[in-house]
Amino acid sequence: MEIYNSKEWFKAVFYLHRSDTVRKLFPYLILATILSLAVAYYELEYLNLSEKSWVRNITVVHSLLGFALSLLLVFRTNTAYDRWWEARKQWGTLVNISRSFAIKINAMVAEDDHRRRSFFKEAIPLYALSLFHHLRSDYTTYMLDEVEHPELSMDTQKHGPNQVASMMFRNVQDMFKSGEITPEEYRILDHEIRTFTDVCGACERIKNTPIPRSYSAFLKKFIVVYVASLPVGYVFSIGYFVAAAVPFIFYVLASLELIAESIEEPFGIDSDDLPIEKIASNIKRHVGEIIL
């Protein structure tokens, strides 16, 4: 995620950052300009249409369809932002539950039990790290630090977060069986671990459930046909100015679709995606400060 000043107008208007839709749409804007000029030249120079020609009234259709198109684009962008914000809330929950779990473990585990404390100190942030790799579909070996941790060995071909949650629960179960924690404390820790899994499931739901293809394809076709037919009717009222007006209209409509596409996948590497790698590293630092 790129940090920026939302109150800065000059850079927002004149600076083309990596995620700016102008970069992605530039070839299509050139094509829209050429198409508009060709239609304008053909209708104004070769066709001698009367004032009563139906072609001059085609703009009525654009006015009617423009309202429907605006509703579709509003629904599209709102749906995409809901996915982005839901993902951010889930990772916020992961931060909170990691801190809460670390605080409880720090209080329940004996200070001289260095083996158990060392395990949870590494395992809790490992869950966030494994979830990060899982959402990025990166099944590489999880390197915590230069020290070997055989108790944290994982099968990189399996579900990483589930393996970490299982290891934590086994340790909690061993603590309960050995009498290190009371039944009430066991229920508290069990609830904390279930919350880890709930966060993982919610993130997988967002990642694995994209916008229906038929809806996205229809909206793209709608925008292209709508914009391509604009010069046919508006050339009679604004002349060759359609070569500037039509590309601008296409830029506005297509940009909304591109923005929705960018934010509907919040776990990627685009500048608008969530900084889940940074969040995971922050969790590791915070847990290390709690469990000494």
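Which residues in α8 meet V242, A245, V246 and I249 in α9? The tour reaches them at its third stop. The model on screen is predicted.

**Stop 1: the whole chain**

Colour the protein by secondary structure. There are ten helices and zero strands, so the pattern along the sequence is helix after helix, α-α-α-α-α-α-α-α-α-α. Of the 292 residues, 41% count as buried. Contacts also reach across the sequence: among those between residues at least 6 apart, 80% join residues at least 24 apart.

**Stop 2: the nonpolar cores**

Hide the surface and select W91, L94, F101, F120, I124, M168 and F267. These are the residues with the most contacts inside the largest nonpolar core, which has 47 residues. Next, show the elements that give two or more residues to this core: α3 (59-108), α4 (114-135), α5 (160-177), α6 (183-208), α9 (242-263) and α10 (276-290). The largest share, eleven residues, comes from α3.

Keep F267 selected and display what surrounds it. Leaving aside neighbours within four places in sequence, F267 is in contact with A87, W91, L135, R136, C203, I206, K207, L274 and I276. One of these partners, W91, is also among the residues listed above for the core.

Then select L25, L73, V227 and L258. They are included in a second, separate core of 18 residues. In general, nonpolar side chains tend to be buried together in soluble globular proteins.

**Stop 3: α8 and α9**

The crossing is right-handed.

Show the side chains to see the answer to the opening question: on the α8 side, the residues are L230, P231, Y234, V235 and I238. On the α9 side, they meet V242, A245, V246 and I249.

Which residues of α8 are buried? Select L230, P231, G233 and V235. The buried residues of α8 pack against α9, and also against α2 (21-45), α3 and α7 (213-228). To finish with this helix, step to G239, which follows α8 and has a positive phi, near 60°.

**Stop 4: P231**

Go back into α8 and centre on P231. Its relative accessibility is 0%, so P231 counts as buried. Not counting residues up to four places away in sequence, P231 touches S36, V39, E43 and V246. V246 is one of the α9 residues from the previous stop.

P231 and T59 are 172 residues apart along the chain, and their C-alpha atoms are separated by 9.4 Å.

**Stop 5: N171**

Last, move to helix α5 and select N171. Is N171 buried or exposed? With a relative accessibility of 12%, N171 counts as buried, because the cut-off for buried is under 20%. What does N171 touch, not counting residues up to four places away in sequence? Display R115, R116, F119 and F120 to see these partners.

Note on methods. Residues numbered from 1 in each chain as written. Predicted model: local features only at pLDDT ≥ 70, side-chain atom pairs only at ≥ 80, totals over all residues. Heavy atoms only, no water. Helix = DSSP H or I, 4+ residues; strand = E, 2+ residues; numbered from the N terminus. Buried < 20%, exposed > 50% of the residue type's maximum accessible area, 1.4 Å probe, protein only. Contact = heavy atoms within 4.5 Å. Core = buried A, V, L, I, M, F, W, Y, C linked by side-chain atoms within 4.5 Å. Left-handed = near helix turned anticlockwise from the far one by under 90°.
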